[in-house]
2 protein chains.
Amino acid sequence: MKKFINEIENVEIEMFEGLSLAHPDVVTRLEDSNVFVRATKKEGKVALVSGGGSGHEPAHAGYVGTGMLDAAVPGAVYTSPTPDQVYEAIKAVDSGAGVLLIIKNYTGDVMNFEMAAELAQADGIEVASVVVNDDVAVEDSLYTTGRRGVAGTVFVHKVAGAKAEEGASLAEVKAVAEKAIANLRTMGAALKPSTVPAAGKPGFELGENEMEIGIGIHGEPGTHKEELQQADVIVDHLMEVILKDMSLDEGSELAVMINGSGATPEMELYIIFRKVYELLEKAGFKVFKTFVGDYMTSIDMAGMSITLFKVDDELKKLVSAPAKTIGFTQV
Amino acid sequence: MKKFINEIENVEIEMFEGLSLAHPDVVTRLEDSNVFVRATKKEGKVALVSGGGSGHEPAHAGYVGTGMLDAAVPGAVYTSPTPDQVYEAIKAVDSGAGVLLIIKNYTGDVMNFEMAAELAQADGIEVASVVVNDDVAVEDSLYTTGRRGVAGTVFVHKVAGAKAEEGASLAEVKAVAEKAIANLRTMGAALKPSTVPAAGKPGFELGENEMEIGIGIHGEPGTHKEELQQADVIVDHLMEVILKDMSLDEGSELAVMINGSGATPEMELYIIFRKVYELLEKAGFKVFKTFVGDYMTSIDMAGMSITLFKVDDELKKLVSAPAKTIGFTQV
């Protein structure tokens, strides 16, 4: 294992320290914790809390800030934060208007965030939650009942965050998050596995000329392994599965995210987008806005995912609204 | 070689197509060319042109936009654009106030950009140029006489771009770019080489437990290979070489960039920054602003570099000025 790290047991804590030292104007790390909140708390609005395992950077601490999250709680690498930690985050960001939890659909995350919600509700804090399950590759998986939550989660942060920033109620913010989730579909592929520092070796094996189709963001299996194909062929396949699962009409508008898994050059992500665009145009759909980059990574996995997000007028406005976070800034 | 690409000979053109289809609101690709200009030309200001080999994305097309470059000219992977291509860029962006070329110090780049300048000057366009040489690792190298230009170039784009946006003259923009270059120092290290698509295999070799110190952004050799060390030890060494080459006083303020080479997880970059911050604080220097991410990559190299940029009041203002590009947006 070759990584720029020190002692393996300090990987998370040293990353957290580095992150908070680097961006004190954007995020504050609660003392001795793994809870990141906005450097300047915004009072009187619905607060958004997300999180999950570390290793997906910039998700989720990188999405704390104006127009997106109020707090993020990264657990150990590929491991859910504990209920206590999420509970601390909820208490830190609530300002009386209620808190929405944005949870990716993994059994551990769902359980721990729901327990945190109950703890906070017992304190009289109004808490609602949504579960993101945008990955069309597989029903049920290694860590999930139902579909997994993957890169599309960033769009949920974005639109729910913009809605909360407008002063909407908890019910309204939750409703827009649910609309986003209903309109989101993602599927990915990987060429090389990631290595969790504590494991010291790659999480799965791929032959020299093999790829995994439908990969999860922790390297959990997708639909199948097959011989490496050219990018256009891979995109053809992923797009077929994604589009089959969406109800789009001629003229439907889409926000598109081509997400890199951490070790995928931007060059390749743009080559992928080129084909995605061609297929969408041919099908009579319109690309409203495109995001290309590392949004929801898997440490050092060489992989990518395609997210299609069907947007109506409300969602278009929310996707385009300003945001100022470490990982996503838009004017 | 495992990459998300199609035919190897189409890698650059398909990336260019994807990039311009993804961000039509920010950049326009001149027809059938590798010249990227702002989607909306800003008249009456000094225009900035940069470029170099492809494979360094988001450099440099990703820095075209408000507050940074007016045009970028990416050549083939790790290969300078031709004089004709740079000349086209200069003609496209000049609006009478003159054009500044920002060149990284590689023999091919310097020669081709200077030839382009001569062609444009023959047309009556006022052209000046600066050469960035921030890499302290080695004097002279595989492709360079003198020091190489590496990730610090992004700071030159930023401050010269902000100065031009203010309406400064060509001489003033050039002067601030030169001040930035004089105040910039970078050094890097790599754990794994990059693979140029047309070569089909890694550009250099590193043993299973070996790293290259002082690596260049094309994988050209640095000062030496050595056994892999912990991150803090690597940072100690790089910072010692960088700081020795700078004249800093107690209280000096620095903008810091921790740059990833393309396949380095953000997690590791923050672990690196944590140690950089500790050393700077101990030495009595002040971190003014921090940038962590993939700013000047080397395709899929697992590596990183540390850039220190000594900033005075003028440079602080220019570093902090708004920018809106694909790879660098700031409000």
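Where is the place of B:His60 in chain B? B:His60 sits in the loop between β3 and β4 (71–77) of chain B, and the peptide bond leading from B:Ala59 to B:His60 is cis, with omega near -5°. Helices (H or I, at least four residues) and strands (E, at least two) are DSSP runs, numbered from the N terminus.

Before we go on, a word about the model. It is predicted, so to speak of local features a pLDDT of at least 70 is needed, side-chain atom pairs count only at pLDDT 80 or more, and totals for chains, interfaces and linings use all residues. Residues are numbered from 1 along each chain as its sequence is written, chains are lettered from A and ligands numbered from 1 in the order in which they are written, and side-chain values use heavy atoms, with hydrogens and water left out.

Chain A has a cis bond to show as well: A:Glu57 and A:Pro58 are joined by one, with omega about 10°. A:Pro58 is found in the loop between β3 (47–54) and β4 (71–77) of chain A. Most peptide bonds are trans, and most residues other than glycine have a negative phi. With that in mind, look at A:Asp32, whose phi is positive, near 50°. A:Asp32 lies in the loop between β1 (27–29) and β2 (36–38) of chain A and, at 74% relative accessibility, counts as exposed. A:Tyr78 also has a positive phi, of about 55°, but A:Tyr78 is buried, with a relative accessible area of 18%. Here buried means under 20% relative accessible area, exposed over 50%, and partly exposed in between (1.4 Å probe, protein chains only).

Next, turn to helix α3 of chain B, residues 107–122. Its 16 residues should span 22 Å at 1.5 Å a residue, and the end C-alpha atoms are 23 Å apart, which agrees; the expected span is 1.5 Å times one less than the number of residues. The buried residues of α3(B) are B:Asp109, B:Asn112, B:Phe113, B:Ala116, B:Ala117 and B:Ala120. Seen down the helix axis, they fall within an arc of 145°, so they line one face of α3(B); the arc is that of the directions from the helix axis to the C-beta atoms. Their cover includes β3 (47–54), α2 (83–93), β5 (99–104) and β6 (127–132) of chain B. On the face turned away from the buried side you will find the exposed residues B:Glu118 and B:Ala122.

Back in chain A, strand β12 (residues 302–310) is largely enclosed by the rest of the structure, because eight of its nine residues are buried. β12(A) pairs in the antiparallel sense with β7 (residues 184–192) over eight bridges, and with β10 (residues 253–260), also antiparallel, over seven bridges. Two strands pair if DSSP finds at least two bridges between them. A:Ala302 is the bridge partner of A:Lys192, and A:Ser305 that of A:Asn259.

Finally, visit A:Arg147, in the loop between β6 (127–132) and α4 (153–165) of chain A. A:Arg147 is buried, with a relative accessible area of 16%. Its side chain makes a polar contact of 2.8 Å with the side chain of A:Glu139, and another polar contact of 2.8 Å joins it to the side chain of A:Asp245. A polar contact is a pair of N or O atoms within 3.5 Å; within protein, one must be able to donate a hydrogen and the other to accept it, and residues adjacent in sequence count only if both atoms are side-chain atoms.

How values were computed: Contact means heavy atoms within 4.5 Å.
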